[in-house]
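The sequence and structure come first, and the description follows.

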Amino acid sequence: MKSDNGVPSHIAIIMDGNGRWAKKRLLPRSFGHREGVKTIDRIADEVFTLGVRYLTIFAFSTENWNRPEQEVTGLLGLFRKYLKSNEPKLLKRGIKLNVLGSRRAFDDELRTLVDEVCEHTSCGKVGTLNICFDYGGRADIVEAVNEFVEAGVKADEETFAERLQTHGMPDPDIIIRTGGEHRISNFLLYQSAYSELFFTDTLWPDFSGEEIKNIIAEYRKKDRRFGRINEE
Ligand code: IPE
Ligand code: IPE
Ligand code: MG
């Protein structure tokens, strides 16, 4: 959904390449993750200033639990730190925070923290930042299916979308993956039906405001047909 000035309403990003960024510098992977958190601020500032309404970032997939325990603990720690230190900034900028994904594996403290920051920022009118943590596109779909089964009602495309974690939001206009891989890795599977996909070799910690501006400029040139044909 393009707004009148061609600015996308919703950008989603698979933030990949933190580990390789660190490896190139002979540093532990955790350094890459720490550096990657800084990129989030940079990119959020850029896109919300441009007038994008929704930014969805993939921080931790349902499959990322299979990484070594030390890395998982480190990523949970960074997530906790991000939530603790960013509330004032989000409030000041009018950004509403949502955390998408299952919270079942979080400890009580993290669950409370997530709830609090989401609630405190819920009045943000400038834009919405969705952090996908313990998120999987398949899990999102399966949970929705089960809700319909339990309620004993049939779904249609609209009511189904309203049961997904992104309910009430437009589908992503743009999905960007940094880090050079050309795959979706279980991100927004249902919601990406007509997203414009952009892949860049840039590793996430190096991703810049300039690069996302260039991607948006490319996006604005696209002819989004949604299955139709354009009559001249
Ligand atoms: C992305 O960076 C962040 C997460 C998946 C948590 P990676 O950690 O996947 O970095 P690479 O792909 O190994 O370089
Ligand atoms: C995708 O990156 C998940 C996130 C960015 C959170 P991965 O590094 O986990 O994906 P694969 O393993 O390369 O597909
Ligand atoms: Mg990766």
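A pocket, as the word is used here, is an open set of grid points where a 1.4 Å probe fits, with protein on both sides within 12 Å along at least five of seven lines. The model is predicted. By that definition, the largest pocket holds about 670 Å³ of space.

**Pockets**

The lining of the largest pocket consists of 30 residues, and those nearest the centre of this pocket are Met-15, Asn-18, Phe-58, Ala-59 and Asn-64. Several elements contribute to the lining: helix 1 (18-24), helix 2 (29-50), strand 2 (54-61), helix 3 and strand 4 (127-135) supply at least two residues each. Helix 2 gives the largest share, which is five residues. By class, the lining of the largest pocket has 14 nonpolar, eight polar and eight charged residues.

The second largest pocket has a volume of about 380 Å³. Its lining is made of 21 residues, with Glu-157, Ala-161, Asp-171, Tyr-190 and Gln-191 lying nearest the centre of the second largest pocket. Ten of the lining residues of the second largest pocket are nonpolar, five are polar and six are charged.

**Helix packing**

| Helix pair | Axis separation | Angle | Crossing |
|---|---|---|---|
| Helix 2 and helix 3 | 11 Å | about 25 degrees | right-handed |
| Helix 2 and helix 7 | within 9 Å | roughly 40 degrees | right-handed |
| Helix 3 and helix 4 | within 10 Å | roughly 20 degrees | left-handed |

Helix 2 and helix 3 pack with their axes 11 Å apart and at an angle of about 25 degrees. Angles under 35 degrees count as roughly parallel, and helix 2 and helix 3 are therefore roughly parallel to each other. On the helix 2 side, the contact is made by Arg-29, His-33, Arg-34, Val-37, Ile-40, Asp-41 and Asp-45, and on the helix 3 side by Glu-71, Leu-75, Leu-78, Tyr-82, Asn-86, Lys-89 and Arg-93. This contact of helix 2 with helix 3 comprises seven charged, five nonpolar and two polar residues.

Helix 2 also packs against helix 7 (residues 209-221), where the two axes cross at roughly 40 degrees and come within 9 Å. Helix 2 is therefore oblique to helix 7. From helix 2, Ile-43, Glu-46, Val-47 and Leu-50 meet Gly-209, Ile-212, Lys-213 and Ile-216 of helix 7. Five nonpolar, two charged and one polar residue make up the contact of helix 2 with helix 7.

For helix 3 (residues 69-93) and helix 4 (residues 108-120), the axes come within 10 Å and cross at roughly 20 degrees. This angle makes helix 3 roughly parallel to helix 4. Helix 3 contributes Leu-76, Phe-79, Arg-80, Leu-83, Lys-84, Glu-87, Leu-90 and Leu-91 to the contact, while helix 4 contributes Glu-109, Leu-110, Leu-113, Val-114, Val-117 and His-120. The contact of helix 3 with helix 4 counts nine nonpolar, four charged and one polar residue.

How values were computed: Residues are numbered from 1 along each chain as its sequence is written. Chains are lettered from A and ligands numbered from 1 in the order in which they are written. This is a predicted model: local features need pLDDT of at least 70, side-chain atom pairs count only at pLDDT 80 or more; totals for chains, interfaces and linings use all residues. Side-chain values use heavy atoms; hydrogens and water are left out. Axes are lines fitted to C-alpha atoms, for helices over the stretch in contact, and angles run from 0 to 180 degrees between N-to-C directions. Helices (H or I, at least four residues) and strands (E, at least two) are DSSP runs, numbered from the N terminus. Angles under 35 degrees count as roughly parallel, over 145 as roughly antiparallel, 65 to 115 as roughly perpendicular and the rest as oblique. A crossing is left-handed if the near helix is turned anticlockwise from the far one by less than a right angle, and right-handed if clockwise. Contact means heavy atoms within 4.5 Å. Ala, Val, Leu, Ile, Met, Phe, Trp, Tyr, Cys and Pro count as nonpolar, Asp, Glu, Lys and Arg as charged, and the others, Gly among them, as polar. On a 1 Å grid over the protein atoms alone, a cavity is a set of points where a 1.4 Å probe fits but cannot get out, and a pocket is an open set with protein on both sides within 12 Å along at least five of seven lines; lining residues have an atom within 4 Å of a point. Grid points are joined across faces, edges and corners, and a volume is the space filled by probe spheres set on the points.
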